[in-house]
Amino acid sequence: HTHTHSHTTMGGLLRGLAVAFAGTYLLGSAVFFGLCAWAQLNDPDPELWVAGYVLCGPLVSLLALAGLAGSRVGVGPTMASSVCDWCERASHVAAVLLAALVSYWAYRIVGKLSSHLDSPPGDLLWALLQLEEGREVVGLALLCVHNLNVSALLAPDRAGSSRRLSTGSLITTLVSLALIALSAYAWVTLQPLMNARDNVAHCKGAF
């Protein structure tokens, strides 16, 4: 009996840590993509990009967070389940559409990067970020990975009866978090260098 109680306690602790990790990611991603949306105010076509970042970033994150939190603490379980169901389907559809846009944008810029394809990865990344389309495709790719991850976090178990955060969904969350952290680092360190070198007018505003 003691062994069973200890096992149950440990399982509950691990589930609590998993939920806390997922919740931290969702909150952090909402802040990150919200800042991305704000930065788009300087873009030549801000309406499209701001709306895209807000809808596929903070909105998805906060709805997923509300759904997961509600289902865990038992506040409005039926509504929380409905929010999770809707958000899981919406994020999955968004990820597919974003993947198609990434493919299209990548096809558009591959010719412009042809002279850098044999360059070291660092030089290729720098050449990519110097292109307006390159920065756009990186943002779209981040949103795509984020929505895939949200869809995985909210997916019900095989029986379809509950949303137990699986090991796979936690791994995708870790990958998504690492990509966001890397992007934030590049934003802080590389963008000032790019602005100084290329003097891109609409990249000098909010960030």
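Of the 207 residues in the protein chain, 37% count as buried. Here, buried means under 20% relative accessible area, exposed means over 50%, and partly exposed is what falls in between, with a 1.4 Å probe and protein chains only. You're looking at a predicted model, where local features need pLDDT of at least 70 and side-chain atom pairs count only at pLDDT 80 or more, while totals for chains, interfaces and linings use all residues. Residues are numbered from 1 along each chain as its sequence is written, and side-chain values use heavy atoms, leaving out hydrogens and water.

First, the layout. The protein chain has seven helices and zero strands, running α-α-α-α-α-α-α from the N terminus. Both kinds of element are DSSP runs numbered from the N terminus: helices are H or I over at least four residues, strands are E over at least two.

Now for the space itself. Rolling a probe the size of a water molecule over the atoms shows where empty space is left. The search uses a 1 Å grid over the protein atoms alone: a cavity is a set of points where a 1.4 Å probe fits but cannot get out, a pocket is an open set with protein on both sides within 12 Å along at least five of seven lines, and lining residues have an atom within 4 Å of a point. Grid points are joined across faces, edges and corners, and a volume is the space filled by probe spheres set on the points.

The second largest pocket comes out at about 250 Å³. Its lining has 13 residues, and Gly52, Cys56, Leu98, Leu101 and Leu140 are the ones nearest its centre. Three helices, α2 (46-56), α4 (77-109) and α6 (132-154), each give at least two residues to that lining. The largest share comes from α4, with six residues. By class, this lining has 12 nonpolar residues, one polar and no charged. The nonpolar class takes in Ala, Val, Leu, Ile, Met, Phe, Trp, Tyr, Cys and Pro, the charged class is Asp, Glu, Lys and Arg, and the others, Gly among them, are polar.

Side chains of opposite charge can pair when their charged atoms come close. Glu133 and Arg108 join their side chains in a salt bridge, at 3.9 Å from N to O. Because Glu133 sits in helix α6 and Arg108 in helix α4, the pair ties together parts that are 25 residues apart in sequence. Glu133 is buried at 15% relative accessible area, whereas Arg108 is partly exposed at 39%. The rule asks for a side-chain nitrogen of Lys or Arg within 4 Å of a carboxyl oxygen of Asp or Glu, and by it the count is one salt bridge.

From α2, follow Val54, which is partly exposed at 35%. The C-alpha atoms of Val54 and Leu35 are separated by 9.5 Å, though the two are 19 residues apart along the chain. Leu35 belongs to helix α1 (residues 2-39) and is partly exposed too, at 34%.

Finally, the closed space. The structure holds one cavity of 30 Å³ or more, and the largest cavity has about 40 Å³ of space. It is lined by Tyr25, Phe33, Leu142, Val145, His146, Ser176, Leu179 and Ile180. Helices α1, α6 and α7 (167-198) each supply at least two residues of this lining, which splits into six nonpolar, two polar and no charged. Thr173 lies in α7 and is buried, with a relative accessible area of 0%.
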